[in-house]
Amino acid sequence: MVGLLLSLITLSVSVVSAACTAAPGVGTVALEAAMAARLLLGRLAGVASRPEWHRQCGRALAAQPCAVPEVEDRRAGRDNGHARPRWVDALGDVRSDWTREEVGEVFASPLLELVFKAQTVHRMYHDPRMVQRCTLLNIKSGGCPEDCKYCSQSSKWSKDVDMKAEKLMDLDSVLEAAQRAKAAGSTRFCMGAAWRGPSQVGPRQWERVLKMVKEVKAMGMEVCTTLGMVTPEQARQLKEAGLTAYNHNLDTSPEYYSKITTTRKYEDRLNTLEAVREAGIGMCAGGIIGLGEGIHDRVGLLHQLASLPVHPDSVPINRLVAIKGTPMQDEKLVDSLDLVRCIATARIVMPRSMVRLAAGRLKLSLADQGMCFMAGANSIFSGDQLLTTPNNDKSEDDVMFQVLGLMEKPYNPPKDALHRDVRMHGKQHHQASTVQ
Ligand code: SF4
């Protein structure tokens, strides 16, 4: 009976979906309602109504040979090694209790299966056609006392990369850049400063940064900053100024972190994220692949992010752009499908977060980028420059939006979408949202 109802609703989803394609904007509500009904019935029907091929799929996944040591260790300890992984049944649930082995299982899935599952999760929480454009501005470049080995802004190798330390930009120049970004379709404006943290600078510069936040927010954009380590008090001041999100990437796994940076600890990163979360600011935290790390480090990074008490609202996934003169200048470019794998895993383990296709996009073909969106990325950085590396030309991105049928995500507080999704899927969310 439930099977028959499911078939009827599936048919109605297809019909309404076809109508939506023929006349965009019409029937979206009906489509959502039909999808919600199908999901709900699917849940009620449980495993019993799942076709045999779907049951087999979980077993096949578990039996796949895999390069992730954690997964192999776990499998070695199993009796039959063919149990259906828990995450397959809990697909789409928002959880902070991911084990590293489980994240490894997700990561090690056959690629197309992984992308399919990621896209399934993506559609539970996000409009698959919407992609947010963000703009990044370096408001104070060079002269950083930290030693992140991938970065050209560290004072440690400034001579080798020919990077001069600049002063903090003035307010008007920043606001002009934000206006230009808005006019070009960006709905999020991120400002980065090459500092160890605001404690390193005097009160006048800090006041200027707070003013930048306030004024950009007043333009009707999401505003994000990346300023290094912040104290709870500094986070509170940023919140008061209207900051939407604070970016602080974990970069890599805890074990590999000391190979990347020696001037601070992983714990320092986590403490800043905690201060940001406590202040009620959205967390933006992701990482970089291509730093010479192993696959288990990529798994370790994603596990760290997914097991934070609240998932980051925003997860930038960067592919290293090796900069001449930095200690990482000879690192090989990571294959685009490895990037896709990381994005898909991030989407599955952090279903509600915005997953941002960040640095390293310039060398991706349009088809590669399409795969990244299929895998669950829903944001790009716009503008021909990131903090220090070149980025895709806006006109190329316009073509990409057109060819892939993407739409620019408009500026609106993401809260509405989140509430709608909670109703639609009837999921039990274990997390309080910090989305602004
Ligand atoms: S990544 Fe940030 S903290 Fe690290 S050296 Fe560059 S500017 Fe400094």
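Select helix H14, residues 295–306, where the buried residues are Ile 295, His 296, Asp 297, Arg 298, Val 299, Gly 300, Leu 301, Leu 302, His 303, Gln 304, Leu 305 and Ala 306. A residue is called buried if 20 or more other C-beta atoms lie within 10 Å of its own, exposed if 12 or fewer do, and partly exposed in between, with the C-beta atoms placed from the backbone. Helices (H or I, at least four residues) and strands (E, at least two) are DSSP runs, numbered from the N terminus. The structure on the screen is a predicted model, in which local features need pLDDT of at least 70 and side-chain atom pairs count only at pLDDT 80 or more, while totals for chains, interfaces and linings use all residues. Residues are numbered from 1 along each chain as its sequence is written.

The expected span here is 1.5 Å times one less than the number of residues in the helix.

E6, H14 and E7 make a right-handed β-α-β unit, and a crossover is right-handed if, with the strands pointing away from the viewer, the path from the first strand over the helix to the second runs clockwise. The chain then crosses from E7 through H15 to E8, and this β-α-β crossover is also right-handed.

Now colour E7 on its own.

Move on to helix H16, residues 366–374, whose buried residues are Gln 369, Cys 372, Phe 373 and Met 374. These buried residues pack against helix H7 (111–125), strand E1 (130–140), helix H15 (336–349), strand E8 (354–357) and helix H17 (394–404); two residues are in contact if their C-beta atoms, placed from the backbone, lie within 7 Å. Just after H16, select Gly 376, which takes a positive phi of about 115°.

Another strand to select is E3, residues 222–226, where 5 of the 5 residues are buried. Glu 222, Cys 224 and Thr 226 lie on one side of E3, and Val 223 and Thr 225 lie on the other. Strand E2 (residues 188–193) runs parallel to E3 and is joined to it by 5 bridges, and Cys 190 stands opposite Cys 224 in E3. E3 also pairs in the parallel sense with strand E4 (residues 245–247), over 2 bridges, and there Thr 225 has Tyr 246 in E4 as its bridge partner. From E3 the chain crosses through helix H11 (residues 232–241) to E4, in a β-α-β crossover that is right-handed.

Two loop residues come next. Asp 162 is found in the loop between helix H8 (158–161) and helix H9 (171–183), and it has a positive phi of about 60° although it is not a glycine. Asp 251 lies in the loop between E4 and helix H12 (257–260), and its phi is near 70°, a positive value in a residue other than glycine. Is each of these two residues buried or exposed? Asp 162 counts as exposed because it has 10 C-beta neighbours inside 10 Å, whereas Asp 251, with 23 other C-beta atoms within 10 Å, is buried.

Finish at the ligand, which is surrounded by Cys 144, Glu 146, Cys 148, Cys 151, Gln 153, Ser 154, Ala 194 and Gly 228; a residue is near a molecule if its C-beta atom, placed from the backbone, lies within 6 Å of it.

Key:
Pairing = 2+ DSSP bridges.
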